Amino acid sequence: MADDDSGHGGKRAGAGRPKGSRMRRSDELADKLIADGHCPAEALTRLAVQAEAEGDIREAISAWKSLLPYVYPKPKPIEIAPELAIELARELAEARRNRQDSELTGTFAEMVERMVREREG
């Protein structure tokens, strides 16, 4: 049975490979390919252009899609606290009420004239 105080087992802070780090073998392979004059991105680009020229749309799409992460990184999700969203909704509702209250000031004739101007303008 794993003991919490022993440091064995379970998830530990700082354990494992750092997020975003590359593996040494991947770096070595990339260096070897480039040193030999081979670039996978350039090869995929050539294949995509060739597939388009030949009318093979599926193959072209597949090649272009493989290249997308190198040109356009995936957007990170936007995180918002629910409390902030609720507060924003309350502020918007209050602003709408205040606007409506200010539009209701004045005589009936002034309010009608204001509405007519808004519709025409």
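**View 1. Helix H2 passes helix H3 in a left-handed crossing.** Left-handed here means that the near helix is turned anticlockwise from the far one by less than a right angle. This is a predicted model, where local features need pLDDT of at least 70, side-chain atom pairs count only at pLDDT 80 or more, and totals for chains, interfaces and linings use all residues. H2 covers residues 40-54, and its axis comes within 8 Å of the H3 axis, with the two crossing at roughly 155°. Axes are lines fitted to C-alpha atoms over the stretch in contact, with angles running from 0 to 180 degrees between N-to-C directions. H2 and H3 are therefore roughly antiparallel, a label given to angles over 145 degrees.

**View 2. Leu68 sits in helix H3, residues 57-71.** Leu68 is partly exposed, at 42% relative accessible area; that class lies between buried (under 20%) and exposed (over 50%), using a 1.4 Å probe and protein chains only.

**View 3. Stepping back, the protein reads α-α-α-α-α along its sequence.** That's 5 helices and 0 strands, taken as DSSP runs of at least four residues for helices and at least two for strands. The accessible surface is about 11700 Å², with 57% belonging to carbon and sulfur atoms. Numbering starts from 1 along each chain as its sequence is written, and side-chain values use heavy atoms, leaving out hydrogens and water.

Note on methods
Areas by Shrake-Rupley, 256 points an atom, 1.4 Å probe, with all protein chains shown as cover. Parallel < 35°, antiparallel > 145°, perpendicular 65-115°, else oblique.
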